[in-house]
Structure formats: C-alpha cells, structure tokens
Amino acid sequence: MKRHVSFFALPLPIILAALLLLPQQGGPVQTEPDLPTEEVTVSFYADYPTYPSLEQMCDAADIIVTGQYTEYLSSWNMNRDASDPSKEDPNTYSEGRLYAFQVDQVLKGQAPEAITVNKQYSLGARYYVGQVDGEHVYAPYQMPTPYCIEPEYGRSYILFLSYDPQFDHYFAVGEPWEILLRPDGSAELKSLIFGDGPQAAPLSAEAKTEDAIYRIIVENDDIGRYEDFIAPLSAEQVMEQIRSALS
C-alpha cells in the first residue's frame, strides 16, 4: 500500500527553535520481515532564505571564510530543552553533524583559525498511522534533510555563515552557502537546489509500530529548481566578485 503526505520545513536560521515543537524521538528501526510494510511518500517543503547571486550571499552572511574541512567530529541533538536550551530535549531528537573546519582567510566578520561547522542531517518526525481506543498513534522516524552534503576533506571551500555563540557553532546562512574551489581553478556551488546536474539518490527513512513498518520516501520539488550562477565562473572570478561585493 502506498500513501502520500506532506512535510514542511521552517527557515534554516530558526530551525533550532522550530524543532522544539516536535513531540517524539525518532531513531534507528530494526525491520522485521513478518510485519506488513507500507510505502509512504513524504513531500518536503522548505521556507528558507535563498540567494540567487554572490552579492546577495555576501550581504546575508555574518561571516565569510575560506579554508578546509578537516574531520567529522560528532553528532548531537539539535532539539533543546525548552526550559534550558543548554540541555538537549530528553524526548525528541533531530541530528546535527559537526565538522572541524580550518580557516585560511576571513573575508567578512570575525572567526578563529579553527571553527566547528554544524550541518543539520535529519529532523525528528512522526507519521500518523491511525487511532487505537480513541488515541492518536504515531510512528516516529528520522527524516533526512535534502540540504546536508558531506564535505570533501582537505579541499578548499568558501563558507557563508551565521554563528551560534551558545554552542560555538557556525552554520548555513541559507541556500546556497558552500562553494568548493577545485585544484584545476574551477568553482562548484555545493547545493542540491541550485543547478540541474546529477542528483543524489532519493532520501528515505523507516518508521515502525508494533503492527507495521512504514518505508518513508522523501520527495522534494526544490531540487534543481534554481540556476547555478557559479558554474560559469573560475575560482579566481568568484573571489574577485566576493571582494567587490564586500568593498
């Protein structure tokens, strides 16, 4: 059996606050072959800042740096306790992934030589499966976000960032926010929603109740919907345009 439902994502800069509203924790699910399986397609809609030019990216970012991702550090629960945001929510979970980034140059704002960059990997979500004795029943799961792209370690990047002083994390200012500078002098915009190149495999998740397994397929109409304005530029031209926008 197949179903189609919709999921709405809030703007990236305020997503930490929004995630506090999610009521149950999702996590890894062990499949059991004797349980009936239902396929569910989830539509992912996002209302986040998008910047169709380098000039707008430069204006929106609080911090712009060049450098390299050096290693994956850890994952953490982005859902916070409403009464004490320094603590994670004990009942819900949405995964952020933390990466070490070595800064070569600060083009805008202030940043130390080594920073921690947070990428949101998944959202804690629930799929409504019906009622039992008049009570709503949900299957919790982790919905992977379409905007987390694994970094290429040791390669040169330009990052357009905001800063969270509470956790000392740097995070995306919107979409796009990463530009990879290739050794051959070319530049690549690291975003799934800009450009029409090869797309990643469909994102999927799994939820389970005592009675059934739900295979969640994440559908996103934003993928590839915006023009890649970096593709015609060399890495040197990208840097020139950034310096011009900041002058």
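This is a predicted model: local features need pLDDT of at least 70, side-chain atom pairs count only at pLDDT 80 or more; totals for chains, interfaces and linings use all residues.

Author: Start with Y226. Its relative accessible area is 24%, so Y226 is partly exposed.

The structure holds 10 aromatic pairs. One of them joins W76 and F167. Now look at where the two rings come from. W76 sits in strand β3, which covers residues 63-77. F167 sits in the loop between β10 (156-164) and β11 (169-172). The two are 91 residues apart in sequence, so their pairing ties together separate parts. W76 has a relative accessibility of 13%, so it counts as buried.

Back to Y226. Its ring pairs with that of F194, with the centres 5.0 Å apart. The planes are at 25°, so this pair is stacked. The limit for stacking is under 30 degrees, which is why 25° gets that label. Is F194 buried or exposed? F194 is buried, because its relative accessible area is 5%. Y226, at 24%, is partly exposed.

Rings can also form groups. Y69, Y72, Y99, F101 and Y157 are linked into a cluster by ring pairs. One member, Y99, also has a charge over its face: K119 lies 5.9 Å from the ring centre. Elsewhere, R126 lies over the face of Y138, at 3.6 Å from the ring centre.

Now the charged pairs. There are 10 salt bridges in the structure. One joins K87 and D84, with the closest N and O atoms 3.9 Å apart. D84 has 25% relative accessibility, so it is partly exposed.

E152 is partly exposed at 23% relative accessibility, and R155 is partly exposed at 31%. E152 also forms a salt bridge with R182, and here the closest N and O atoms are 3.1 Å apart. This second bridge links distant parts of the chain. R182 is in the loop between β12 (178-181) and β13, while E152 is in the loop between β9 (135-144) and β10. They are 30 residues apart. R182 is partly exposed, with a relative accessible area of 25%. What do the shared partners build? They join E152, R155, R182, E188 and K190 into one network of salt bridges.

S94 is in the loop between β5 (84-88) and β6 (95-108). Its relative accessibility is 0%, so S94 counts as buried. Its side chain makes a polar contact of 3.2 Å with the side chain of N79.

Terms used. Residues are numbered from 1 along each chain as its sequence is written. Side-chain values use heavy atoms; hydrogens and water are left out. Helices (H or I, at least four residues) and strands (E, at least two) are DSSP runs, numbered from the N terminus. Buried means under 20% relative accessible area, exposed over 50%, partly exposed in between (1.4 Å probe, protein chains only). A polar contact is a pair of N or O atoms within 3.5 Å; within protein, one must be able to donate a hydrogen and the other to accept it, and residues adjacent in sequence count only if both atoms are side-chain atoms. Rings of Phe, Tyr and Trp (its six-membered ring) pair if their centres lie within 6.5 Å; planes under 30 degrees apart count as stacked, over 60 as edge-to-face and the rest as tilted. A charge sits over a ring if NZ of Lys or CZ of Arg is within 6 Å of the ring centre and within 35 degrees of the ring normal. A salt bridge is a side-chain nitrogen of Lys or Arg within 4 Å of a carboxyl oxygen of Asp or Glu.
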